[in-house]
Every structure is written in structure tokens, then in C-alpha cells.
Amino acid sequence: MENSSAEPIGVRFLRGDLSHLSPQSIGFARRLVASFTSRVVPPTAFGVDLVYLKNRLFYLSRSQGAFLGEEFPSSDSRPPVYPFDQCDRWDIQALPQRCASQHSQQRGLWVIPGALDAKACSAVVATVATLTKHDEVQGVDGVAVVPPAKRPISLAAPAAATTWAWHEYGPARWMVPLQPSAGVCSAFARGPLSTLSSHSCTDARGWPELSALASVGGDALRGLEAIPAKAMPGAFAERPALFLQVQRLQRGASIGAHVDQHDVGGRAIVTAVVAGGGGDVRVGGVSFAVRAGDVYALVGEARDAVDHEVYASAERDDRLSVTVRFGGRGEDVFAYPAVQRSTSSSGPVA
Ligand SMILES: O=C(O)CCC(=O)C(=O)O
């Protein structure tokens, strides 16, 4: 491939700029760096962040195949593909802070820049560290793996856990689930939620409960759960929170283009970036940078009719995000949950 930059290719490679490489060279370099990092394992060498480089190479080598099309029975029914350079760029930092704004063209795409302040973000990071016993990973270094729910799933709920080690959902990508403040809907947990592979098909009634997180971070997460109904009532009022997903993305990694599963992914979805960040998110034909503290939401067309993806950030920090998935209203096809264990309210508004 032509090197149009005045900078030598080697220098651009070491900077982490891989745009000039062919897929074959990326694949080869990825294997080389992966084998080097798995044996030598220094996070940096000669000023190069090897972890970042390994993850960037891995995800670049997969970038054309990452679209998760399982929700679409045929290629005709898939959402249109929007190349990044043809997207409408949305400068969300120019919008009013702590206020919800909807994109004028991509309906159902909302953002709340600065919804969480730095203190709330650090508190969430600390709470997640406690919850995961300082980043334990299931199946690694003797950490127990939480087994999938036994079928048929019993009516009796298991006791809710108080800690939960990360589940490695993909390379450099880990998840921890949480029950919402009001507890998970039992019918939902025993139904679609028990098939959710990002939480290894576990019984959600055994997941840690948000209501039990007695910490400032717990308060911040309860506040986050309450924001959408207050800040975007037209889109979120009367939608119960189904569950929360804490997600860690190691620097250099990305989340490929996908549409969240219709039945289990929630009818309206809110994500807050609490650490790392600075990277771009694309929703259909709109791209925007999301910093720690920012929230974005997908509902209606933005949730169902177009795909979304998270690009690797140029910043060299791991990214931590929290996604809250909200259920349907009466008219929705997937109107879980029918019944909640108790009602919850309150929490700071954005
Ligand atoms: O972390 C994010 O920004 C969104 C995550 C996401 O799209 C997903 O897990 O499906």
C-alpha cells in the first residue's frame, strides 16, 4: 500500500498509526506482537505500548468481519453500512453540559455530555474494583467460573452474589452484570436473559444487586439508572431498568459494528463512559467522541434500524463503561419485565 505520509512507515507503525498496512501485514504483525507480548509481557518496550499495539492489531485484522448479523435473517434486512469517513460528525462537547440532546437527523440517538462528574466516575471505578476483587477474571489464576444456568431453570432464585469476577467476552473485552435497583424480573431472568452469552448464560437472579452496593459508586450507578427517565422522559419514562452491564475494554481494543439483540438487549439503552474514553462511537451515519462522564442513549430507530460501534481510542487508557438496558412499554413486542420485585426511585438527575 502506498505511503502518502512524509513520515517513514516504521515511525508511523511505532506511533500506533496502522492505516498504511495491508490486512496481510496487519495479520502477520499481530501474530508477531501477540507472540512477543505473551512471552515477554512488558506493557511497554522502547516507549511502545505493546498491549495497545497488540489489541489494535487484533481488532484491525478483524475489522471487516466484526458486524454481528445474527439479528437479521437475511442480508437484505441488515442495516446500511456507513463508512466512518462518510459519517456526520457530531461535536457533543459543544452541546449544553448535563442536558439531554437528540441528534437532529438520527432520531433516537441522545447524548448527555458531562452527565457524571469526575467524582462520580472515580467512585464507580472504585466500586467496580471492589465488585471484581481488583480485576479478577473468571477462569484465570484459579478464579472460579460462574456456570451457565441449569435447564430447566428453577423457579427458586439463587442467592445474589456480592462480588463477580470479570467474564472475558472477547479478546481484551470483559463484562460484569448487575441486577437493577428493583431487582431483575424473574420471568425475564428465566427467559431471554438466561441466553445472553455476554454474561455466559448465567441466572441473572444470582447477579450482584445494584441496591446492595453500599458505596458512593453504588449511589452514582443508581443515579445513572435514574437519569434517562428524568432527562429524556419521552423516550424513557415508564421503562423499567432490566439490567446493567459494566464493560472493560483494554486500550487498543474496539467493539465491532452490531445491533443489540432485540429480545434481550433492552428496548432502550443508555451507556455512560466512566474511565478511559476519548474514543469515537458511531451510531448509523453519525460519529462522535465520548469522554469519561458522557452518556449516550439509543432508542427507537437508533437502537433498531442502524448499527453502532465503538472505535479504539487514541488515548492509552483502558475504557470502562456502564450500560443500562431498559425494558419495553406496554405496546412493545418485548415488554419485559411484566412485574418488578419492588419499585425504586430517586437519584441525582443529570
Ligand atoms: O461501551 C459502549 O460504549 C457500548 C457497548 C455496546 O455497544 C455493547 O456492549 O453492546
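I take two strands to pair if DSSP finds at least two bridges between them, and I take helices (H or I, at least four residues) and strands (E, at least two) as DSSP runs numbered from the N terminus. The model is predicted, so I kept to its limits: local features need pLDDT of at least 70, side-chain atom pairs count only at pLDDT 80 or more, and totals for chains, interfaces and linings use all residues. Residues are numbered from 1 along each chain as its sequence is written.

Entry on strand S10. I looked up Ala272 and found that it stands opposite Val322 in S15 and opposite Val295 in S13. S10 and S15 run antiparallel and are joined by seven bridges, while S10 and strand S13 (residues 295-299) pair in the antiparallel sense over five bridges. Of the eight residues of S10 (residues 268-275), seven are buried, where buried means that 20 or more other C-beta atoms, placed from the backbone, lie within 10 Å of a residue's own.

Entry on Met232. I placed Met232 in the loop between helix H6 (216-231) and helix H7 (233-236). Met232 is buried because 21 other C-beta atoms lie within 10 Å. Leaving out residues up to four places away in sequence, I found Met232 in contact with Ala100, Trp110 and Ala297, contact being C-beta atoms, placed from the backbone, within 7 Å.

Entry on the ligand. I listed the residues around the ligand, among them His308, Val310, Ser321 and Thr323, counting a residue if its C-beta atom, placed from the backbone, lies within 6 Å. Strands S14 (308-310) and S15 (319-326) each supply at least two residues of this shell.

Methods
Buried ≥ 20, exposed ≤ 12 C-beta atoms within 10 Å, placed from the backbone. Contact = placed C-beta atoms within 7 Å.
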